[in-house]
Amino acid sequence: MYEYEREELVKTLRLKGITDQRVLDAINSVERHLFIPDGIGFHAYKDTALPIGYRQTISQPYTVAIMTELLNVKENNKVLEIGTGSGYQAALLLHMGVKVYSIERNYEIYSRTQKLFDELSLRAALRCSDGTLGWEEYAPYDGIIVTAGSPDIPENLKKQLKIGGRLVIPVGDRRSQIMKLLTKIADDEFTIKEHPSFTFVPLIGKQGWKEGR
Ligand code: SAH
């Protein structure tokens with residue numbers, strides 16, 4: 001279903017500058033319409049963010065693509081995702097042969113996505129907790145991807161990265177964020193590259209934004 005629409009989406013992403021063929025292949029294969037609410041499935045292959053309930057969104061495909069490209073994962077890499085949401089980003093990573101650990105703070109979203117993953121036989125470790133603290137048990141990670149906008153880079157996430165590992169995180173105020181790519185070159189030493197602005201829903205937690213707005 002929607003094969004033609006997916007191919008068109010891939011063409012759009014290519015025109016917008018996504019070049020990593022592994023990312024484009026994953027977007028061509030993973031059925032985004034399965035990750036969004038029933039009634040709006042026909043919007044799934046437009047390059048836009050969509051509501052998934054509880055005031056949260058599934059990110060725009062272009063944003064997902066660029067973050068995945070920056071993460072630059074290899075098969076069998078271990079990746080921690082903060083902000084499971086719909087599970088679409090996690091599903092792309094699984095398709096690329098990555099071992100996925102993903103944290104969602106909202107219990108309703110977490111359980112809905114866990115159920116969907118069971119139905120689709122997608123094997124990722126999902127957990128409901130505050131992702132700003134990371135997931136110590138399986139650290140260190142080859143990559144960490146934060147899919148909500150953060151005021152800062154949470155210290156725990158830096159610590160839980162392997163040497164040589166990459167952290168992709170949108171950092172800024174509540175309205176707009178700059179995409180940062182950190183590469184860990186030694187304990188407590190990182191190179192940082194910045195990419196233009198995006199708008200994400202807020203990362204709320206101990207090392208993120210405070211709840212209540
Ligand atoms: N990767 C998702 C994007 C979801 S939007 C996808 O592919 O659909 C961001 C998600 O981050 C929301 O579901 C929100 O509830 C969650 N979130 C916000 N702060 C968080 C935190 N501290 N820990 C874990 N999840 C968080």
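Predicted model: local features only at pLDDT ≥ 70, side-chain atom pairs only at ≥ 80, totals over all residues.
Local features are reported only at pLDDT of at least 70 and side-chain atom pairs only at pLDDT 80 or more, while totals for chains, interfaces and linings use all residues. Numbering starts from 1 along each chain as its sequence is written, and side-chain values use heavy atoms, with hydrogens and water left out.

To start with the overall build, the chain has 6 helices and 9 strands, counted as DSSP runs numbered from the N terminus (H or I for at least four residues, E for at least two). Its C-alpha atoms fill a box of roughly 45 × 35 × 35 Å along the principal axes.

Now to the ligand, which sits in the largest pocket. A pocket here is an open set of points on a 1 Å grid over the protein atoms alone, where a 1.4 Å probe fits, with protein on both sides within 12 Å along at least five of seven lines; sitting in it takes more than half of the molecule's atoms within 2 Å of its grid points. There are 26 residues around the ligand, and E81, S86, E104, G131 and I204 come nearest (the cut-off is a heavy atom within 4 Å). This shell splits into 10 nonpolar, 12 polar and 4 charged residues, with Gly counted as polar.

A backbone N or O atom of G131 lies at 2.8 Å, a polar side-chain atom of E81 at 2.9 Å, and a polar backbone atom of R105 at 3.2 Å. The protein covers 99% of the 580 Å² of accessible area that the ligand has on its own (Shrake-Rupley method, 1.4 Å probe).

Most residues other than glycine have a negative phi, and most peptide bonds are trans. S121, in the loop between α5 (107-119) and β5, has a positive phi near 55°. A139 and P140 are joined by a cis peptide bond, with omega about 0°; P140 lies in the loop between β5 (125-128) and β6 (141-146).

Conventions. Polar contact = N/O pair within 3.5 Å; in protein donor to acceptor, adjacent residues only side chain to side chain. 1 Å grid on protein atoms, 1.4 Å probe; cavity = no way out; pocket = protein on both sides within 12 Å on 5 of 7 lines; lining within 4 Å.
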